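Subject: Handing over a structure

Hi there,

Here is the structure I promised to pass on to you. Please have a look at it first, and then read my notes below.

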Amino acid sequence: MTDLSHPSLPGGLPDKRQVAASFSRAAASYDSVAELQRAVGTELLARLPAATAPQRWLDLGCGTGFFSRLLGQRLPASHGVALDIAEGMLNHARPLGGAEHFIAGDAERLPLQGESCGLIFSSLAVQWCADFDAVLSEAYRVLQPGGVLAFASLCVGTLNELRESWRAADGLVHVNRFRTFESYQQLCAASGLRVVSLERQPHVLHYPDVRSLTHELKALGAHNLNPGRPGGLTGRARIVALVDAYEQFRQAQGLPATYQVVYAVLEKPS
């Protein structure tokens with residue numbers, strides 16, 4: 001079922017390895033600050049077709065394994081595979097169970113046999129994949145006919161308040177870039193999978209101050225991983241300018257951080 005001799009990731013992909021290293025470092029702190037991840041994954045679970053009863057499921061980008069454990073409870077007669085690019089996340093998830101197999105792997109080159117899974121579940125992972133067309137092609141290959149790919153991702157507009165505040169402060173790239181919702185629509189439509197549902201929903205969190213937001217992003221491993229990001233220490237003057245700019249967005253509940261979440265359910269034709 002799995003090919004554990006799958007070769008290591010090819011060279012020339014520093015961003016992908018940086019993502020893996022960043023999330024590995026965040027494994028121990030991730031669950032304590034994962035409010036958005038829990039809410040989005042729970043919503044994605046609720047969107048699974050009621051009749052979903054795969055022999056084998058894959059949690060793609062399983063992170064700490066929180067949703068692998070929920071899938072294991074929801075589908076007790078199924079065999080579970082939890083896969084992540086970050087070894088640190090797998091080391092955290094493995095002893096907590098939920099899946100039969102915990103595998104280090106890349107969503108763009110899945111180390112799984114064709115037509116081996118009836119369900120691929122992926123919550124807030126594929127936004128880190130530069131080649132989403134490859135992710136969809138691999139999902140199509142690995143899914144059995146009639147199988148379901150359910151994913152949640154992030155699109156343009158995510159963390160716009162932080163992006164705009166940094167732009168006002170120094171004009172540099174401090175916030176991760178995401179693909180457009182229209183790109184998700186086009187790529188899913190061309191994937192060969194049937195689009196059961198595909199929509200975008202904003203999810204807004206509130207923070208007492210900017211430090212609380214940036215601390216959470218770092219604890220999640222989701223702080224700025226863009227090429228072109230500023231190197232070295234951020235000067236005090238720039239931090240003051242950032243805080244002043246972000247205060248313009250303040251609401252009664254606190255400083256808003258908006259995530260534009262893409263929810264999709266796709267099915268491989270029988």
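What follows is a short tour, from the whole chain down to single residues.

Please keep in mind that this is a predicted model, in which local features need pLDDT of at least 70 and side-chain atom pairs count only at pLDDT 80 or more, while totals for chains, interfaces and linings use all residues. Residues are numbered from 1 along each chain as its sequence is written, and side-chain values use heavy atoms, with hydrogens and water left out.

The confidence score, pLDDT, is given by the predictor for each residue and runs from 0 to 100. Its average over the chain is 85, and 81% of the residues score at least 70. Where pLDDT is low, the predicted coordinates should not be read in detail.

The chain has 10 helices and seven strands (DSSP runs numbered from the N terminus: helices are H or I with at least four residues, strands are E with at least two). Of its 270 residues, 49% are buried (under 20% relative accessible area; exposed is over 50% and partly exposed lies in between, with a 1.4 Å probe and protein chains only). Among contacts (heavy atoms within 4.5 Å) between residues at least 6 apart in sequence, 78% join residues at least 24 apart.

Strand β6 (residues 194-207) holds Arg200, which is partly exposed at a relative accessible area of 40%. Beyond four places in sequence, Arg200 touches Cys155, Phe181, Glu182, Gln260, Val261 and Val262. Its C-alpha atom is 9.5 Å from that of Ala152, 48 residues away along the chain.

Finally, Ser78 sits in the loop between α4 (66-74) and β2 (79-84). Ser78 counts as buried because its relative accessibility is 11%. Apart from neighbours within four places in sequence, Ser78 is in contact with Pro54, Gln55, Trp57 and Glu100. The side chain of Ser78 reaches the backbone oxygen of Pro54 at 2.3 Å.

Enjoy exploring!

Best wishes

Key
Polar contact = N/O pair within 3.5 Å; in protein donor to acceptor, adjacent residues only side chain to side chain.
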